[in-house]
Amino acid sequence: MSADGRNPEAKPGRILIVDDDRAMCQLLIDLLRDDGYAAEVAYDGESALDQYRAVSFDLTITDLMMPKMRGIELVQRLREIDSGALVLLITAFGTIESAVEAMRAGAFHYVTKPFHNDEILIQVKRALEQKNLREELQRLRTEVQARDRFCYIVGQSPAMRRVLETVAQVSDLPANILIEGESGTGKELIARAIHSSGSRAGGPFVAINCAAIPENLLESELFGYVRGAFTDARRDRLGLFREAHGGTIFLDEISEMPLGLQSKLLRVLEDKEVRPLGANQSEKVDARVLSASNRHLEELVRSGRFRQDLYYRLNVIRIELPPLRQRSEDIPLLIKYFIDKFAPAVARRIDGIREEALAALKTYEWPGNIRELEHAIERAVLLGKAGLVGLEDLPPQLIARGGSAVVLTQALDNRLTLRDLEREYIGKVLANSNGNKTEAARVLGVDRTTLYRKLEEYKIKE
Ligand SMILES: Nc1ncnc2c1ncn2[C@@H]1O[C@H](COP(=O)(O)OP(=O)(O)OP(=O)(O)O)[C@@H](O)[C@H]1O
Ligand SMILES: [Mg+2]
């Protein structure tokens with residue numbers, strides 16, 4: 001036993017024993033300590049609560065009938081302090097009904113007196129296993145929620161960290177937000193993250209792609225209509241703004257909204273009410289507006305293609321998503337994330353990615369940004385072989401970059417100077433041409449004299 005009275009080899013599990021019967025307490029404490037648990041004693045309910053407040057226990061074992069505070073009250077009060085408190089009741093014969101009552105109050109189980117020692121030990125073990133399981137579940141749940149909250153956004157690069165900080169700052173503000181960024185940079189993902197990390201998370205998230213809906217339908221799609229408003233309107237339609245009531249409406253590709261509709265949208269934003277087609281009254285709506293564009297709206301405003309007043313309304317806060325080529329630090333993380341995402345769909349084991357494939361991915365321009373990367377990895381995982389994703393598993397435009405990409409990434413990683421790189425490259429080319437200088441000069445695009453001079457300068461052995 002150590003100085004604090006605890007067995008140094010104690011099993012994980014601190015147990016509090018509560019009983020006014022000191023002999024019974026002694027019996028239980030010996031039993032539990034012998035079995036390796038850390039156990040402490042309280043002789044009445046109040047001191048049990050005091051001890052519990054000081055340090056929480058994994059399990060409390062209490063007698064049901066005690067003079068000052070009955071076991072049932074103790075169960076209730078323990079659970080007020082700690083809603084997950086586990087309590088095992090010990091009860092004399094004939095009080096089963098109160099035991100049932102205690103179970104209702106939240107006790108984990110009860111054991112009747114006289115009991116077998118094993119009976120207590122089995123219940124203690126079960127209780128602690130249940131507690132562990134519950135904690136594990138809770139941990140997983142928080143993890144999943146954390147993922148959900150940000151819909152899992154990969155981003156360690158300074159640029160993405162700034163974006164995520166802004167998301168955290170603005171998610172609870174009522175202000176409209178404009179998200180700009182090239183195609184596939186994650187605008188919709190960010191919009192969903194803003195919605196689901198704010199106070200409207202419980203409300204609907206309604207997305208509409210303004211470019212995908214024909215101009216003549218967009219208005220009724222957004223604002224709804226009443227039956228008979230036009231020939232095909234056989235019944236009322238709510239429209240997306242009213243569907244988003246209490247939540248968020250995400251206007252994707254807002255730049256494609258026709259000018260006429262832009263002014264109607266502006267009015268809705270100003271008055272916070274919509275008037276469905278054919279209705280003679282407006283209705284209040286409370287929807288937060290997020291919009292996204294892969295074209296710079298400001299430029300469209302300047303060229304008269306987008307209303308300036310609407311632009312100011314939508315753009316109270318602006319988030320700009322950097323293109324993937326400006327955050328290549330995130331590429332390895334994204335690759336891992338996408339491999340993990342797609343690997344469960346195939347029977348093969350995928351362990352990661354080969355160096356030259358990674359190099360090719362890191363140096364590519366990514367015009368389609370993260371979506372393009374996601375598709376490349378999906379394809380490699382689905383069509384490739386087991387083990388590591390190789391260069392040959394990537395789309396053709398990436399395979400073509402193969403070897404030079406490795407040199408480039410190494411150069412970048414090691415911060416090589418131009419001279420280092422030139423020396424390295426000349427050496428490699430010469431080796432590849434089996435020492436044939438005419439051939440090497442041709443590949444390097446210089447004349448033989450220049451090559452000789454460089455070989456001399458860099459002291460490259462032929
Ligand atoms: N940081 C990120 N972490 C993980 N996945 C991401 C990230 N950014 C984007 N994605 C994924 O990439 C894909 C494209 O993202 P999203 O649809 O949000 O892009 P977008 O900017 O709206 O594209 P578009 O302009 O083409 O509409 C989605 O599958 C999304 O989940
Ligand atoms: Mg999108």
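**Figure 1. Glutamate 253 in a predicted model.** Glutamate 253 counts as partly exposed because its relative accessibility is 24%, where buried means under 20% relative accessible area, exposed over 50% and partly exposed in between, with a 1.4 Å probe and protein chains only. Glutamate 253 is placed in the loop between β8 (248–252) and α10 (259–271), helices (H or I, at least four residues) and strands (E, at least two) being DSSP runs numbered from the N terminus. Although glutamate 253 is not a glycine, its phi is positive, at about 50 degrees. Most residues other than glycine have a negative phi, and most peptide bonds are trans.

In this predicted model, local features need pLDDT of at least 70 and side-chain atom pairs count only at pLDDT 80 or more, whereas totals for chains, interfaces and linings use all residues. Residues are numbered from 1 along each chain as its sequence is written, chains are lettered from A and ligands numbered from 1 in the order in which they are written, and side-chain values use heavy atoms, with hydrogens and water left out.

**Figure 2. Asparagine 434 in the loop between α18 (418–432) and α19 (437–444).** Asparagine 434, which is not a glycine, has a positive phi of about 55 degrees. With a relative accessible area of 73%, asparagine 434 is exposed.

**Figure 3. The cis peptide bond between lysine 113 and proline 114.** Omega of this bond is about -5 degrees, and proline 114 has its place in the loop between β5 (109–113) and α5 (117–149).

**Figure 4. Lysine 454 in helix α20 (residues 448–457).** Lysine 454 counts as buried because its relative accessibility is 19%. Its side chain makes a polar contact, at 3.2 Å, with the side chain of glutamate 422; a polar contact is a pair of N or O atoms within 3.5 Å, of which, within protein, one must be able to donate a hydrogen and the other to accept it, and residues adjacent in sequence count only if both atoms are side-chain atoms.

**Figure 5. Backbone atoms beside ligand 1.** A polar backbone atom of valine 154 lies 2.8 Å from a nitrogen atom of ligand 1, while an oxygen atom of ligand 1 is 3.1 Å from a polar backbone atom of glycine 186. For leucine 189, a backbone N or O atom is 3.0 Å from an oxygen atom of ligand 1.
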